Amino acid sequence: MSEDRVRLNEYEYHLYEEARSGRMSRRDVLRRAAAMGLAAPVIGVLAACGTTPGNGASSGSSSGPSGRPKKGGHARFGVQVATASPDPVTMFDEGSIQAVQIAGEYLCWPNPDNSLSPRLATSWKADTPSEWTFKLRQGVKFHNGKTMTADDVVATVDLLTNTQNGSSFLSQAKGILDSGQTEKIDDYTVKFHLSQPFVDFPYLMSAYNYNAVILPKGYEIGSFLKKPQGTGPFMVSKYVPNQSITYTRNPHYWLPGLPYLDGATLTYYQSDQGVLTAAQSGELDIMAYAPYGAAQTLGKSGSMRLVPAKSTAFDTLQMRTDMKPFDDVNKRLAVACCLDRPGLIKTVLDGYGTVGNDHPFSPMFKESPLADQQVPQRKQDYKLAKEYLAKAGTPRGFSVTLTTQNYEDIPSYATAVKQQCAPAGIDVNIQQVTQTAFYGSGNNQPWLSVPFGITNWAPRGASAQFILTAFQSAGIWNSAHWKNAQYTSLFKDLSATLDEQKRAQAAAQMAKIQNAECPDIIAYWLTQLRAEAPTVGGFPAGPAEYLDVRQTWLS
């Protein structure tokens, strides 16, 4: 279809001009088009213009066995044991999320390059940045045989936004989408009336907001594994708490010909080392998230291959800005100047990472290019670190306790921080606790209260998802307790406009502010790893935390 035969609306034409002028790369334009749910003919027009991809984002894919996908077989997954019985409404840990995602589905799904694909929704559009209309897929059945309609979507969102249900969905959506703001237009159309403009809203209805699994109307919290209730390619057939979950193929899956597998088993282990040992011994086919220490271990054993994918995940080194010692910005900047970021990637991540610059605008995000250009990259500089310490009135340094969790690469990162801060006179004492103790619950959540800590952040599809919860003044996961009115105001601008250049300019200003005040050190972006047996094909390279096993097959 030629360009002049497709009628573009105002925003679609805006993207068209961004591509033709070269202000946005072709890849960024297409990712934004996919995130906004633009129609295929429009995306075709956009694909025909613009520059070549330029931001280094990788779509990633499994290397897999050659040949056509083979039907049949039973895949074996391994993960650390869930902290509670897995349920879509309340889940927050890796063991629960993987268990649910094999059987449940979302309105849209994140691809390895951060774009979104339709799933239970076939399309979506912003009527305004505050109103979004989603068209639902027809012919989808829940595992109990009930047909999915708009009533189920409305009921699911009302369940997730009810503050009495303890859903982590609200950690990202509160103040954006609140209870009672989801409207049924007809049986297969829903409209979301947002509390404030949010142009990245589709990401909140995808697996990047992992609680957003669509459930049947009348769903009872805690019952997901007890009776068939998902729409996904596999159905739960057996659940043994803290041990394993067995799945069988959904014979009525909405996409004909899928899934390829007859079934799957998710086995729980008490630690990441337990998962790794099982993988080495050939007991597993897939580790959806492989720890960095596994790179050499698995490579030597030859039992599994590693599949890397760039991501927007990171480890933040947070410093409480409202209490000593880090109420003085000079001390925060001194720590930041002690870190050898390329060295951290080499020693902590086995080389699987990209240098960060103490702001949340990953190179994979569409609004980030100006931030990369306008904020000088922070490097290890002990002379500058000591100048900051002198400004703080502590020329010989200071002592501080770093509280960390015993999880994946975090202990290695903490040790490296201690070693790299020592030459400047900053004495870091490490207090390591279990992951459960680090995050706690209720009024006892150490990760939000300690003066100095390390928190691992799973990938998100848009910078706004990080900022909303962790970096704006009212963020519920603002572990640095940082408040900057200008930054929060700019975030509102970033979230309210569809103009890509205005978004990029707001992002650049925000990055400058955050880099200068340094409430959190973001030293690197993670290249995440998946591990799979040589017989596995069709398993996407990422995002690592999220399982899409529809097209997975065994040779």
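**Salt bridges, rings and burial in a predicted model**

User: Why is K331 said to lie over the face of F398?

Analyst: K331 is 5.2 Å from the centre of the F398 ring. A charge counts as over a ring if NZ of Lys or CZ of Arg is within 6 Å of the ring centre and within 35 degrees of the ring normal.

User: What makes E131 and K191 a salt bridge?

Analyst: The closest N and O atoms of E131 and K191 are 3.8 Å apart. The cut-off is a side-chain nitrogen of Lys or Arg within 4 Å of a carboxyl oxygen of Asp or Glu, so the pair qualifies. E131 lies in strand 5 (residues 131-136) and K191 in strand 7 (residues 189-193), so the bridge ties together parts that are 60 residues apart in sequence. Helices (H or I, at least four residues) and strands (E, at least two) are DSSP runs numbered from the N terminus.

User: Are E131 and K191 buried, partly exposed or exposed, and how do you know that?

Analyst: Buried means under 20% relative accessible area, exposed over 50%, and partly exposed in between (1.4 Å probe, protein chains only). K191, at 18%, is therefore buried, whereas E131, at 26%, is partly exposed.

User: Which residues does K184 pair with in salt bridges?

Analyst: K184 bridges D151, with the closest N and O atoms 3.3 Å apart. D151 lies in helix 5 (residues 150-161) and K184 in strand 6 (residues 182-186), so this pair joins parts that are 33 residues apart in sequence. K184 also meets D187 in a salt bridge, at 3.2 Å from N to O. As for accessibility, D151 is partly exposed at 30%, K184 at 35% and D187 at 39%.

User: How many salt bridges are there, and which residues form a network?

Analyst: A search of the whole structure finds 15 salt bridges. D200, E367, E500 and R503 are linked in a network of them.

User: How many aromatic pairs are there, and why is Y106 with W109 called tilted?

Analyst: The structure holds 23 aromatic pairs. The ring centres of Y106 and W109 are 5.8 Å apart and their planes are at 55°, so the pair is tilted. Rings of Phe, Tyr and Trp (its six-membered ring) pair if their centres lie within 6.5 Å; planes under 30 degrees apart count as stacked, over 60 as edge-to-face and the rest as tilted. Y106 is buried at 0%, and W109 is buried at 5%.

User: What makes F438 and Y439 edge-to-face?

Analyst: Their ring centres are 5.1 Å apart and their planes are at 80°, so F438 and Y439 pair edge-to-face. F438 and Y439 are buried. Ring pairs also link F438 and Y439 into a cluster with F314, F365, W447, W457, F466, W477 and W525.

Note on methods
Residues are numbered from 1 along each chain as its sequence is written. This is a predicted model: local features need pLDDT of at least 70, side-chain atom pairs count only at pLDDT 80 or more; totals for chains, interfaces and linings use all residues. Side-chain values use heavy atoms; hydrogens and water are left out.
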